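Biologist: Please walk me through this structure. I would like to begin with its open spaces.

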Amino acid sequence: MKNITVLIKPASALCNLRCSYCFYANVSSLREVRSFGKMKEKVTEKMIENIYADLEDGDQLTLAFQGGEPTMAGLNYFRKVTQLVDQQQKQIQVHYAIQTNGTMINENWCAFLKKHDFLVGLSIDGLPLYHDLHRVDPKGKGSFHRVLQTKQLFDQYEIDYNVLCVLTNPLAKEGKKVFHFLKEQQIKFVQFIPCLDDLDAKKKSSYALTPKRFAGFYRQLFPLWLEQLKKGNYISIKLFDDLINLLVRKEITACGILGNCQVQYVIEADGSVYPCDFYVLDEYRMGYIQENTLKELFEKEITFDFVCKKPNLPKKCGNCPFIKVCGGGCKRMKNAVYVDSSGQYCGYQDFLRYFIPRIQEILQLISSKIV
Ligand code: SF4
Ligand code: SF4
């Protein structure tokens, strides 16, 4: 049984916000065509046809929409996609997901997302001050209050969502405050996304995360999280879940967690397909979904090269006790999470040293309090 996920960018790099750290604005600026605009109906139809081509009854498919800001494609675009999916003859279990900045969501959107059981990733950078520092509209106005209204709508409509929080270097000092915010807002699922420097950055920006701050943040968070767990309140923090899945259940639930790239099938609005959201660049284009099935794209040499050509690991990895459960990590995150520029310190290693000895306690708590 296959379980396929594709990431679709129906509005390419279009966005109504101008977040200062937006990695996709940087990536798209390095292409010949910065934005491919909105996905046309013909491309959408052909995309669904070719995604389905290799699927068989019983397979699972996740269509995950992201951007830029995917809601800029308009609600009718999403209605069309669900109609096309419903018209397919094969018995495929389809899951929908969308990542949004939340600023354009209204009750019509909520009714639609609920009806089709979308899992939503809603971007909130923890604290109002930090959120509004970066997540601003074209006039420089912060978006925190608008996004919080959307969160309340999601609660009202009982829409499943997780909070996506970009972990900037300044925010990473505030683990305690961030955790307090999660508790106060009764947020049950959160993913912290390391804030990265631009791909072509000449020097480190003030907001890009450093490995030291990465480890410091999670070390601050962990005891507070454990305290809640002891009270039977499980707050799902993606990194903790991924590590438990990997180390206990032997399941891989995050790309790069063992140091290997996986093909992500990122589909841009013009139908071009790329192996990873961090590398939606002309030189990594695998082909076009209008012309190829996923299997054909997977078998291309360019895909093989992306997945198999690995950068040399830093010296520090050579004698690291965690090399087998890390493998040097995700190549795009190396400067934010792993071995720093001194070559002497690794943020992930630091955190694993802290986390791994505590896993048994976590498991006991999970089985006694939750299950
Ligand atoms: S660069 Fe990172 S996120 Fe992209 S495919 Fe490789 S491991 Fe995954
Ligand atoms: S934890 Fe750090 S030092 Fe160890 S293998 Fe991973 S990246 Fe290398």
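Modeller: A pocket is an open set of points, on a 1 Å grid over the protein atoms alone, with protein on both sides within 12 Å along at least five of seven lines. Please keep in mind that this is a predicted model.

Biologist: What volume does the second largest pocket have?

Modeller: The volume of the second largest pocket is about 420 Å³. It is lined by 25 residues, and those closest to its centre are D197, K204, K334, N335 and A336.

Biologist: Which elements give two or more residues to that lining?

Modeller: They are α8, which covers 211-230, and α14, which covers 334-337. The largest share, 3 residues, comes from α14.

Biologist: Let us turn to cavities. How many cavities of 30 Å³ or more does the structure hold?

Modeller: There is 1 cavity of 30 Å³ or more. The largest cavity has a volume of about 90 Å³.

Biologist: Which residues lie nearest the centre of the largest cavity?

Modeller: Of the 13 residues that line the largest cavity, C317, C320, C326, C346 and Q349 lie nearest its centre. By class, this lining has 10 nonpolar, 2 polar and 1 charged residues.

Biologist: Which elements each supply at least two residues of that lining?

Modeller: Three helices are to be named here: α12 (315-318), α13 (323-326) and α15 (347-355). The largest share of the lining, 3 residues, is supplied by α15.

Biologist: Now the ligand. Which residues surround ligand 1?

Modeller: Ligand 1 has C255, G256, N260, C261, Q262, Q264, C276, F278, Y279, F306, C330 and K331 around it. The shell around ligand 1 has 7 nonpolar, 4 polar and 1 charged residues.

Biologist: Where does K331 lie?

Modeller: K331 is placed over the face of F306, at 4.0 Å from the ring centre. F306 and K331 are both among the residues around ligand 1.

Biologist: And over which ring does the charged end of R332 sit?

Modeller: The charged end of R332 sits over the ring of F278, 5.9 Å from the centre of that ring. F278 also belongs to the surroundings of ligand 1.

Biologist: How many aromatic pairs does the structure hold?

Modeller: There are 33 aromatic pairs in the structure. One of them joins F23 and Y24 in an edge-to-face arrangement, with 6.1 Å centre to centre and 80° between the planes.

Biologist: Why does F23 count as partly exposed?

Modeller: F23 counts as partly exposed because its relative accessibility is 27%, and partly exposed covers the range between under 20% for buried and over 50% for exposed. Y24 has 2% relative accessibility, so Y24 counts as buried.

Biologist: What kind of aromatic pair do F217 and Y218 form?

Modeller: F217 and Y218 form an edge-to-face pair, with 5.3 Å centre to centre and 80° between the planes. F217 is buried, with a relative accessible area of 0%, and Y218 counts as buried at 3% relative accessibility.

Definitions and conventions: Residues numbered from 1 in each chain as written. Chains lettered and ligands numbered in written order. Predicted model: local features only at pLDDT ≥ 70, side-chain atom pairs only at ≥ 80, totals over all residues. Heavy atoms only, no water. Phe/Tyr/Trp six-rings, centres within 6.5 Å; stacked < 30°, edge-to-face > 60°. Buried < 20%, exposed > 50% of the residue type's maximum accessible area, 1.4 Å probe, protein only. Lys NZ or Arg CZ within 6 Å of the ring centre and 35° of its normal. 1 Å grid on protein atoms, 1.4 Å probe; cavity = no way out; pocket = protein on both sides within 12 Å on 5 of 7 lines; lining within 4 Å. Points joined across faces, edges and corners; volume = space filled by probe spheres on them. Helix = DSSP H or I, 4+ residues; strand = E, 2+ residues; numbered from the N terminus. Nonpolar A, V, L, I, M, F, W, Y, C, P; charged D, E, K, R; others polar. Near = heavy atom within 4 Å.
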